[in-house]
Amino acid sequence: MRTALFPGHGAPVPAATPEIRSSAGVVGAAAWAAEHHAEVLGVVAEHGAAVVTGLGLRTVSDVVAVLTALELRPVRETEGFAPRTPYADGVYSSAAWPPQHPMCMHHELSYAGQFPGLLCFACLEAPATGGATALADAAAVLEALPEDAVARFDQEGWILTRAYHDEIGATLAQAFGTDDPAAIDTYCHANGIETDWQPDGSLHTRQHRRAVLRHPDTGRRCWFNQIAFLNQWTMDPEVRQFLVDEYGPDGLPFDTRYGNGDPVPADTVELINRVYEAHTVRRPWRDGELMLVDNVRTAHSREPYEGPRRVVVAMADPKRQTAPEERTRSAAT
């Protein structure tokens, strides 16, 4: 997404998400997508995101047909932090999250060893109010964050800690596709995740990731993480206190830390969220639309809403990232 100067102010404001208009309707949506797939993906590559209107998408089958015509192959989600309903291979419901609470800016699965390079959102039914999938340019966010705040995360990376509970968040089976401890340990070992099985059979994990990533195509540095979103200080205070009382301070479903293990202060989390807000682009959903998002270049959020909201999600173009230690060793050789 490009930025433009707002009249009368010196600071840049985000430009609107580009729209690609189709008049095909649902009957001709797949044929239109096949004919225009290079154009659509080219706009996403240039701007970091695009919304395709006029497709009239109504069902999961409509979405699958269009994604196939765009030559996109959705992949299965692993390590999701909230439950999803699977609809088709690699096609899911939005993450289960209370509609009255925002889902803050983040990059999907930025804590995973393998993450999607492209996100596909299709709105089958728009909410009565709110519920936008808002966007923010990750390179612009990185440039806007204070140097001292970025430097430590850039040098150390960040740590995500998780505690899996059946009562809240994704269960082991939902996150890993199995609840077999041996299979989970094998996956975690292969993906740089430390496991700590508790006496009651529950699992705590810890994974160390980079906070700043170079875009795989452009090389541009992007703020790529979920440091603020998955931090305890972003939670509603009453919810945080309930979880601490219920599971203890080390049993929160998720929390984030500096790469050396130090806690991230509340004011740093607040700063990151303020910078995100200053670079946020909002556009209400309309029935039948498709949004494609470059998951490295562009962060996304989900705003509170009222009424039904049916947004189908698919993840494509998988990428792998190296841990901060691997990057350090590579630079030294």
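Predicted model: local features only at pLDDT ≥ 70, side-chain atom pairs only at ≥ 80, totals over all residues.

Q: How much space is in the largest pocket, and which residues lie closest to its centre?
A: The space comes to about 500 Å³. There are 20 lining residues, and Trp97, Pro98, Met235, Val239 and Phe254 are the closest to the centre.

Q: How does the lining of the second largest pocket divide by class?
A: Into five nonpolar, six polar and seven charged residues. That pocket holds about 300 Å³ of space. Thr161, His204, Thr205, Asp250 and Arg257 are the closest to its centre, out of 18 lining residues. Strand 11 (158–163), strand 12 (193–197), strand 13 (203–209) and strand 16 (254–258) each give two or more residues to the lining.

Q: What makes a space a cavity and not a pocket, and how many cavities of 30 Å³ or more are there?
A: In a cavity a 1.4 Å probe fits but cannot get out, while a pocket is open. By that rule there are three cavities of 30 Å³ or more.

Q: What lines the largest cavity?
A: It has 15 lining residues, with Ser94, Ala95, Met103, Phe121 and His300 nearest the centre. Strand 7, strand 8 (114–125) and strand 19 each supply at least two residues, and strand 19 gives the largest share, three residues. By class, the lining has six nonpolar, five polar and four charged residues.

Q: How do you know that strand 7 and strand 19 pair?
A: The cut-off is at least two bridges. Two bridges join strand 7 to strand 19 (residues 298–302), so the pair meets that cut-off. The two strands run antiparallel, and His106 stands opposite His300 in strand 19.

Q: Why are strand 7 and strand 17 called edge strands?
A: Strand 7 (103–106) and strand 17 (280–281) each pair on one side only. They belong to an open sheet of four strands, ordered 7-19-10-17, with antiparallel pairing.

Q: Why is the pair of Phe176 and Tyr187 called edge-to-face?
A: The centres need to lie within 6.5 Å and the planes over 60 degrees apart. Here the values are 5.7 Å and 65 degrees, so the pair counts as edge-to-face. Phe176 lies in helix 5 (residues 172–176) and Tyr187 in helix 6 (residues 181–190), so the pair ties together parts that are 11 residues apart in sequence.

Q: What makes Arg309 a charge over the ring of Tyr305?
A: The distance cut-off is within 6 Å of the ring centre. The charged end of Arg309 is 5.7 Å from the centre of the Tyr305 ring, so the distance passes. Elsewhere, Arg152 lies over the face of Tyr258, at 3.8 Å from the ring centre.

Note on methods. Residues numbered from 1 in each chain as written. Heavy atoms only, no water. 1 Å grid on protein atoms, 1.4 Å probe; cavity = no way out; pocket = protein on both sides within 12 Å on 5 of 7 lines; lining within 4 Å. Points joined across faces, edges and corners; volume = space filled by probe spheres on them. Nonpolar A, V, L, I, M, F, W, Y, C, P; charged D, E, K, R; others polar. Phe/Tyr/Trp six-rings, centres within 6.5 Å; stacked < 30°, edge-to-face > 60°. Lys NZ or Arg CZ within 6 Å of the ring centre and 35° of its normal.
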